[in-house]
Amino acid sequence: MRIRVATAADSASISALLTALAEEFIVGDFPAAGREHLLSEFSTAAMADRLASAEYRFHIAESRGELLGVVALRGNSHLFALFVSRTWQRRGLARRLWNEARQAAPADVECFTVNASRFAVPVYERLGFRSTGPMQEKSGVRYQPMEWLAPRADPAS
């Protein structure tokens with residue numbers, strides 16, 4: 001398995017993975033408008049636009065041409081996506097992708113945010129994220145706002 005920067009050629013496979021996982025784990029309890037909104041955010045065209053934008057940075061994990069996982073930052077500090085294929089879940093790949101995204105961000109970024117699905121909250125908590133308020137809903141999409149703060153050096157040492 002290798003992790004690399006995603007390219008425009010990856011837009012269809014990224015879209016397929018995100019859409020399949022969203023349908024399985026995220027949108028089941030959303031109203032129809034929320035389901036449509038989130039899935040449109042994961043379309044091949046939307047992924048191609050994001051991959052072409054300087055605002056987003058995508059990394060993918062792959063093996064033998066199969067997409068295993070995706071991580072994407074918007075700006076330098078918002079975790080836009082962290083998805084791992086079903087067969088690779090609970091094997092440390094999400095943590096590896098998260099570490100890759102953090103290392104690729106500017107060194108002075110000390111706080112990362114994410115809008116986590118209800119299903120993903122425990123995963124993000126294991127990665128060190130903490131909730132910053134109650135569940136939110138926008139355009140029918142339900143999410144838990146969370147943040148990750150860089151560990152601070154002990155000033156006494």
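Q: How many aromatic pairs does a search of the whole structure find?
A: The search finds 10. Rings of Phe, Tyr and Trp (its six-membered ring) pair if their centres lie within 6.5 Å. A word on the source: this is a predicted model, where local features need pLDDT of at least 70 and side-chain atom pairs count only at pLDDT 80 or more, while totals for chains, interfaces and linings use all residues. Residues are numbered from 1 along each chain as its sequence is written, and side-chain values use heavy atoms, with hydrogens and water left out.

Q: Why is the pair of Tyr56 and Phe58 called tilted?
A: Planes under 30 degrees apart count as stacked, over 60 as edge-to-face and the rest as tilted. The planes of Tyr56 and Phe58 stand at 35°, with ring centres 6.3 Å apart, so the pair is tilted.

Q: What makes the pair of Tyr124 and Phe129 edge-to-face?
A: Their planes are at 70° and their centres 5.3 Å apart, so this pair is edge-to-face. Tyr124 and Phe129 also belong to a cluster that ring pairs link together with Trp98, Phe112 and Trp148.

Q: How do you know that the charged end of Arg91 sits over the ring of Trp88?
A: A charge counts as over a ring if NZ of Lys or CZ of Arg is within 6 Å of the ring centre and within 35 degrees of the ring normal. For Arg91 the distance to the centre of the Trp88 ring is 4.0 Å.

Q: What makes the side chains along strand β5 alternate?
A: Phe112, Val114 and Ala116 point to one face and are buried, that is, under 20% relative accessible area with a 1.4 Å probe and protein chains only (exposed is over 50%, partly exposed in between). Strands here are DSSP runs of E, at least two residues, and helices are runs of H or I, at least four, numbered from the N terminus.

Q: How do you know that β5 and β8 pair?
A: Two strands pair if DSSP finds at least two bridges between them. β5 and β8 have six, in the antiparallel sense.

Q: Why does the radius of gyration of the chain agree with a compact globule?
A: The radius is taken over C-alpha atoms, and the globule rule is 2.2 Å times the number of residues to the power 0.38. With 157 residues the rule gives a value near 15 Å, and the chain has 15 Å, so the two agree.
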